[in-house]
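Open the structure in your viewer and keep the sequence panel beside it. Each stop below says what to select and what is there.

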Amino acid sequence: FEQPTEMLGKSNKADYNRQKATFVTILGLDGAKEQLELHYNNAVLALNNLQLINNNASIVLLQQFVDYFKNRKN
C-alpha cells in the first residue's frame, strides 16, 4: 500500500483490488503496522533472552533477519 508500483512490480493496491486476504486488507494499514511492531519486539526480546541464557549464542544473524523483515521495502 505504501510502496510505488515501480518498486513492487505490480500495482500497490493489486492485492486489495483482487480481494486477497493480507494483513493490510484484514487489519487495515495501521493495524498491520501495529502487529509488525508487536511481533518484531517479541522477536528481539526472545533473542535478547537467548543471549542472556547462553552467552555463547550468536544472535547477530537472527537479529539481521528480523530487522530485514521489519524494514524491507518490497
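**Before you click.** This is a predicted model, in which local features need pLDDT of at least 70 and side-chain atom pairs count only at pLDDT 80 or more, while totals for chains, interfaces and linings use all residues. Residues are numbered from 1 along each chain as its sequence is written, and side-chain values use heavy atoms, with hydrogens and water left out.

**Colour by pLDDT.** This is the predictor's confidence in each residue, from 0 to 100. The protein has a mean of 85, and 95% of its residues reach 70 or more. Confidence is lowest in helix α1 (residues 5-8), with a mean of 70. It is highest in α3, at 92. Helices here are DSSP runs (H or I, at least four residues), numbered from the N terminus.

**Select 23-53 and 60-71.** These are helices α3 and α4. Their axes (lines fitted to C-alpha atoms over the stretch in contact) come within 10 Å and cross at roughly 175 degrees. That makes α3 roughly antiparallel to α4, a term for angles over 145 degrees, on a scale from 0 to 180 degrees between N-to-C directions.

**Show the side chains between them.** Contact means heavy atoms within 4.5 Å. From α3, pick Leu 36, Glu 37, Tyr 40, Ala 43, Val 44 and Leu 47. They meet Leu 62, Gln 63, Val 66, Asp 67, Phe 69 and Lys 70 in α4. By class, this contact has eight nonpolar residues (Ala, Val, Leu, Ile, Met, Phe, Trp, Tyr, Cys and Pro), three charged (Asp, Glu, Lys and Arg) and one polar (the others, Gly among them).

**Select the core.** Which residues make up the largest nonpolar core? They are Tyr 40, Val 44, Leu 47, Ile 59 and Val 66. Such a core is a set of buried Ala, Val, Leu, Ile, Met, Phe, Trp, Tyr and Cys residues joined through side-chain atoms within 4.5 Å. The largest share, three residues, comes from α3.

**Centre on Val 44.** Leaving aside neighbours within four places in sequence, Val 44 contacts Gln 63 and Val 66.

**Jump to Ile 53.** Ile 53 is also in α3. Buried or exposed? Ile 53 is exposed (over 50%), with a relative accessible area of 72%.

**Finish at Gln 19.** Gln 19 sits in the loop between α2 (14-17) and α3. Its phi is near 55 degrees, a positive value in a residue other than glycine. Most residues other than glycine have a negative phi. Gln 19 is exposed, at 74% relative accessible area.

Note on methods:
Helix = DSSP H or I, 4+ residues; strand = E, 2+ residues; numbered from the N terminus. Parallel < 35°, antiparallel > 145°, perpendicular 65-115°, else oblique. Buried < 20%, exposed > 50% of the residue type's maximum accessible area, 1.4 Å probe, protein only.
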